[in-house]
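The tour goes from one selection to the next and says what is found at each stop.

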Amino acid sequence: MTTVSAIELGRPAVRRQSLWRYWRGGLQGSEFTWAVAFVIPYIAVFLAFVVYPAFYGLWMGSNPALYSEVFSDPIYLNTVVNTMIFLAFGVNVKLFLALMLSGFFMRPGWWTKALLMIFVLPWAIPALPTFISIHWMLNGEWGLVNNALYILFGIDGPSWLNSRWLALGSAVFSHVWKWTPFWTVILLAGRMSIPQEIYDAAKVDGATGLRRFLYVTFPLLANLYLVLTLLATIFLLGDFNSVYFVTGGGPANSTHLLATLGVVRDMLELGKPQLGVAAVMSALPLLIPLVIILMRKLKTSEAQL
Amino acid sequence: MSTIAVDARPAAAAARPAERMRRAARRWRYATNAGAALLSAVILVWTLTPIYNIIMVSLESEGDVAVTTIWPSQPSAESFWVVLTEGHWYLEAFWHQFGNSVFLAAMVTLLVLLIGSLTSFSISRMRIRNGWMITNAALLTYVIPGSFLAIPFYLIMNRYGMQNNPWSVIAVLVTFTTPYAIFIFQEYGRSIPLELDESARIDGASPIQIYFRIYLPLMAPALVAVGTYALLAAWNEYLYQFLLLSNDRSMTVAVALGKFLNSDVAPWNYMMATAIIYALPPLATYYIFRRRMSSGLTMGGVKG
């Protein structure tokens, strides 16, 4: 402690003072107390409602015997397949649509702006009413979809929610319907932040139309698009509403996602919350790497997102 | 004479390609406009069909829900009146539930703004030591899906006898919304010069005075954006409200709607009318604060 290196001796006293202040966080006495008092509420919330439940969950799911029970459950295996399908189609279809539509909404004119206001409706309306509406719309006998199919084309539509694949497709459709506007708005903001000069320069070099998109717009949006894909994947892994309201997990528990399986079937119907925790925790090998990559990406590209 | 002929020929030759190009450009413009019109029509149908369906069913009179037409056979606003006057045993406590939803959303908004602004003030303005750890904790909470903690959270709340207590839901919603607030506040706070705080400190202002007199007024736009977001998130959330608020006195409109769906004999027209009334306050809030929200949105995105 008392040894002072030659380098430090050469520095003026003020510098050492600020260095010391840096180690103390730049705050002294009552100011430090205030700063700590200001962060205590959030730290308390974080410890009580994130750390405690997380460890409680880990403790609940720590019994290895649970996992053999989970993995031998055919409904769980179906759920894993559903989740894969949901991830593959839900995330990519909605982000691709959002990427294309954000280009469309760049068009000038009042009509585009008015259309955008309508287009964001699915996102602005709470999920519950619209998902209930879609559920009713897909009713085989009285639903709007089959009525319209019959009146317009004379076809008897299938009963959408009674077959596994149609029901799963309907749930994916509802998810895409609900969330495309949100990602479109974000990508639209991303496109708007690209300076016009770049497009002018590209025009001089002869890049128009598709080539302008492939060589100018998309490379500039690629990082944002990647971050959004990761975010959408994680949010979709925890999706509850679109499956719960549109298909209710049915028919015969064949269209569950992890969250609905864990909460609705395992905990509320079977009364085995440990099983539910284990089912949800089986997503951790996928979730943890995603979270790590995303946290790094978010930190470096904060300004862009 | 000869000079004129030399001049006139290239001019005439040049006029024709120019005219042709103009025509091609016009045709191209028509084509893209037609394409845009077609795409607009597709977008409108795609977006509005489920919404049209809610309105259509809500306008049916009782018993007429199972129709095979694509427009209401005898439109009447009766079901809205039934909901507003609580005229069906499913809807006995509608206004009470509505009040519960309002209380929940208001408390969540208030707490998110308070905790979020205090935390980001301490981290980015007062530069508390190791503030980055708190930022990381918030980032982590933002990134993990809320439903993953639903089961342990439900069991913990049951253990402490907090079922049917609105504060259990308020706690969880504050937990999952505050991280977003912390980001937006930190991002937005960068545009406010630190020198303001420093000069106030030299003039003898205490941190709490700086927070109230300088930080909060300058952060007003971010507070509005985050407040709107928190209000909508709390009003629209379903899973935790469904798990934790199950009796008639404590449940919110969202839970009541979900309960409607799960009963076999539900009057669908009343349910859709309830759904519309439930959707109107957030919709109005969204369109009123849309411009202010969009700035926040581009900075952090919104969790689903």
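Start by selecting I202(B), which is found in helix 7 (residues 194–202) of chain B. Helices (H or I, at least four residues) and strands (E, at least two) are DSSP runs, numbered from the N terminus. Is I202(B) buried or exposed? I202(B) counts as exposed because it has 8 C-beta neighbours inside 10 Å. The cut-offs are these: a residue is buried if 20 or more other C-beta atoms lie within 10 Å of its own, exposed if 12 or fewer, and partly exposed in between, with C-beta atoms placed from the backbone.

A note on reading the labels and the model comes next. Residues are numbered from 1 along each chain as its sequence is written, and chains are lettered from A and ligands numbered from 1 in the order in which they are written. This is a predicted model, in which local features need pLDDT of at least 70 and side-chain atom pairs count only at pLDDT 80 or more, while totals for chains, interfaces and linings use all residues.

**Chain B as a whole**

Chain B has twelve helices and zero strands. Of its 304 residues, 43% count as buried. Two residues are in contact if their C-beta atoms, placed from the backbone, lie within 7 Å. Among the contacts in chain B with a separation of 6 or more, 77% are between residues 24 or more positions apart.

Next, colour chain B by domain. The domain assignment gives domain 1 (2–58) and domain 2 (80–300); such bounds come from an automatic or database domain assignment. The C-alpha centres of domain 1 of chain B and domain 2 of chain B lie 46 Å apart. Four residues from domain 1 of chain B and seven residues from domain 2 of chain B take part in the contact.

**The core**

How many residues does the largest nonpolar core have? The largest nonpolar core has 159 residues, and V108(B), L173(B), V226(B) and A275(B) are those with the most contacts inside it. Such a core is a set of buried Ala, Val, Leu, Ile, Met, Phe, Trp, Tyr and Cys residues joined through C-beta atoms within 7 Å. Helix 6 (residues 166–189) of chain B gives the most to this core, with 14 residues.

Zoom in on V108(B). Not counting residues up to four places away in sequence, V108(B) touches I170(B), L173(B), V174(B), T177(B), A230(B) and A234(B).

Then select helix 9 (residues 220–236) of chain B. Helix 9 of chain B is mostly covered, with 14 of its 17 residues buried. The end C-alpha atoms of this helix are 24 Å apart, which agrees with the 24 Å that its 17 residues should span at 1.5 Å a residue. The expected span is 1.5 Å times one less than the number of residues.

**A loop with positive phi**

Move to the loop between helix 3 and helix 4 (131–143) of chain B, where R127(B) is placed. Phi of R127(B) is near 55°, a positive value in a residue other than glycine. R127(B) is partly exposed, with 14 other C-beta atoms within 10 Å. N130(B) is found in the loop between helix 3 and helix 4 of chain B. N130(B) is not a glycine, although it has a positive phi of about 60°. N130(B) counts as exposed because it has 10 C-beta neighbours inside 10 Å.

**Where the chains meet**

Show both chains. The contact takes 73 residues from chain B and 74 residues from chain A. On the side of chain B that touches chain A, there are 52 nonpolar, 18 polar and three charged residues. Here Ala, Val, Leu, Ile, Met, Phe, Trp, Tyr, Cys and Pro count as nonpolar, Asp, Glu, Lys and Arg as charged, and the others, Gly among them, as polar.

Just after helix 11 of chain A, G206(A) takes a positive phi of about 90°.

**Confidence**

Finally, colour by pLDDT, the predictor's confidence in each residue, from 0 to 100. Chain B averages a pLDDT of 84. The pLDDT stays under 50 over residues 1–8 of chain B, where the model has zero contacts beyond four places in sequence. The model scores ipTM 0.84 and pTM 0.85.
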